[in-house]
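These are my notebook entries on one chain, written while I went through it place by place. I set the sequence and the structure out first.

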Amino acid sequence: MTTKLVFLGGGNMTEAIFAGLVSNQQFTIEVIQRNPEKAARLQKIYPRIKVCSTLNYALEPEDLLFLAIKPQQAKEAVQAIKNKLNNCVLISVMAGITINSIYQWTNNSKIIRTIPNTPASVAKGVTAIYAPESITHSERELVQQIFSTIGITYDARNEDEIDKIIPLSSSAIAFVYYFMEGFINAAINQFGFEQEQANNIVKQVLSGSSALLNANSQTSIAEQRSRVTSKKGTTEQGLLTFEQEKLHEITAQAMQNCYLRALEMAKEFN
Ligand SMILES: NC(=O)c1ccc[n+]([C@@H]2O[C@H](COP(=O)([O-])OP(=O)(O)OC[C@H]3O[C@@H](n4cnc5c(N)ncnc54)[C@H](OP(=O)(O)O)[C@@H]3O)[C@@H](O)[C@H]2O)c1
């Protein structure tokens with residue numbers, strides 16, 4: 001028996017999730033994408049999926065509906081299809097939209113909240129999943145299986161953890177890139193490197209650092225850092241600057257503001 005996966009919103013996150021599932025015979029995939037150009041593009045790249053502009057039939061209770069529109073589009077988009085849900089499992093990937101809001105909009109009692117991240121599109125994602133008690137064990141396992149095809153999963157203990165993981169896994173991708181941009185800018189402006197050279201070097205540094213951690217999984221990150229930090233050496237001088245300028249405190253503040261924005265969005269878009 002196949003499970004039907006329907007995605008409301010055919011944007012970046014939807015594509016990242018279903019791309020790894022299209023050739024899996026266990027699933028049939030349908031994407032609701034209102035934008036005709038984006039719909040045509042998806043249909044061309046993935047001929048095995050069905051792309052429609054609206055949901056024009058009622059779902060079955062065993063179907064899974066992914067809510068993958070922007071938080072500010074959510075209320076209108078979800079309310080428009082509330083009579084077609086048949087109490088199937090709704091899997092929200094939206095940041096900052098609570099289970100309670102989705103329940104108020106739909107009266108559907110089966111709602112799972114997740115936070116994936118963009119490396120999901122290359123099967124290197126992290127997806128946090130919060131499934132409340134209304135979700136059965138087999139429904140939970142199925143959702144876990146789906147997200148495991150695009151990376152690792154984290155079982156959130158409560159809904160608040162879903163908002164708290166945003167700065168750690170989802171927005172964190174942008175934070176890492178921002179840090180990399182700082183290296184590249186300094187390499188170009190202070191030391192005269194070409195943009196392309198600096199880009200290539202910093203990208204290799206990042207993938208090398210990550211590969212080294214994976215190759216030495218018993219060693220902590222702090223220990224790996226101390227291995228490249230000789231006493232009175234060059235690295236130590238650079239790290240001292242980060243410490244003096246309280247980089248960790250700035251990071252903590254950025255993560256807190258990111259989390260607070262998720263809470264704010266819950267109020268703004270409910
Ligand atoms: N990107 C990330 O890193 C990330 C990480 C974790 C979670 N998320 C969550 O994932 C969700 C989707 O993000 P995204 O980056 O994939 O956004 P996106 O690329 O903008 O995708 C949303 C798509 O849904 C379409 N849409 C909006 N309302 C619709 C409706 N009523 N019916 C059919 N299609 C509709 C939009 O069309 P239009 O172009 O016409 O508006 C757009 O193409 C967000 O809620 C975000 O919080 C994203």
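Which residues is D63 in contact with, once its neighbours within four places in sequence are left aside? I find K4, C88 and V89, where contact means heavy atoms within 4.5 Å.

Before going on I note that this is a predicted model, in which local features need pLDDT of at least 70 and side-chain atom pairs count only at pLDDT 80 or more, while totals for chains, interfaces and linings use all residues. Residues are numbered from 1 along each chain as its sequence is written, and side-chain values use heavy atoms, with hydrogens and water left out.

Entry on D63. I place D63 in the loop between β3 (50–52) and β4 (64–67); strands here are DSSP runs of E of at least two residues, helices are runs of H or I of at least four, and both are numbered from the N terminus. D63 is buried yet has no salt bridge, where buried means under 20% relative accessible area, exposed over 50% and partly exposed in between, with a 1.4 Å probe and protein chains only. A salt bridge is a side-chain nitrogen of Lys or Arg within 4 Å of a carboxyl oxygen of Asp or Glu, and the nearest side chain of opposite charge, K4, is 4.4 Å away from D63 (Lys and Arg count as positive, Asp and Glu as negative, and His and the chain ends are not counted). I also looked up the backbone nitrogen of E60, which lies 2.8 Å from a polar atom of the D63 side chain.

Entry on salt bridges. By the rule I count 10 salt bridges. In one of them the side chains of E15 and R41 meet at 3.1 Å, N to O. This pair links distant parts of the chain, with E15 in helix α1 (residues 12–18) and R41 in helix α2 (residues 36–45), 26 residues apart. E15 is buried at a relative accessible area of 16%, whereas R41, at 41%, counts as partly exposed.

R113 forms another with D163, the closest N and O atoms being 3.0 Å apart. R113 lies in strand β6 (residues 111–115) and D163 in helix α6 (residues 159–189), so the pair ties together parts that are 50 residues apart in sequence. Both R113 and D163 are buried.

I then turned to R261 and E264, whose closest N and O atoms are 2.7 Å apart in a salt bridge. Being three residues apart in helix α10 (residues 247–268), they are separated by about one helical turn. R261 is partly exposed at 31% relative accessibility, and E264 is partly exposed at 45%.

Entry on the domains. The assignment, automatic or from a database, gives domain 1 (3–156) and domain 2 (165–265), and their C-alpha centres lie 32 Å apart. I find 11 residues of domain 1 in contact with seven residues of domain 2. The area buried between the domains is about 710 Å², of which carbon and sulfur atoms give 77%; buried area is the accessible area (1.4 Å probe) that two parts lose on being put together, summed over both. G96, I115 and N117 supply 47% of what domain 1 buries against domain 2, more than any other three residues. Across this interface the rule finds zero salt bridges.

Notes
A polar contact is a pair of N or O atoms within 3.5 Å; within protein, one must be able to donate a hydrogen and the other to accept it, and residues adjacent in sequence count only if both atoms are side-chain atoms.
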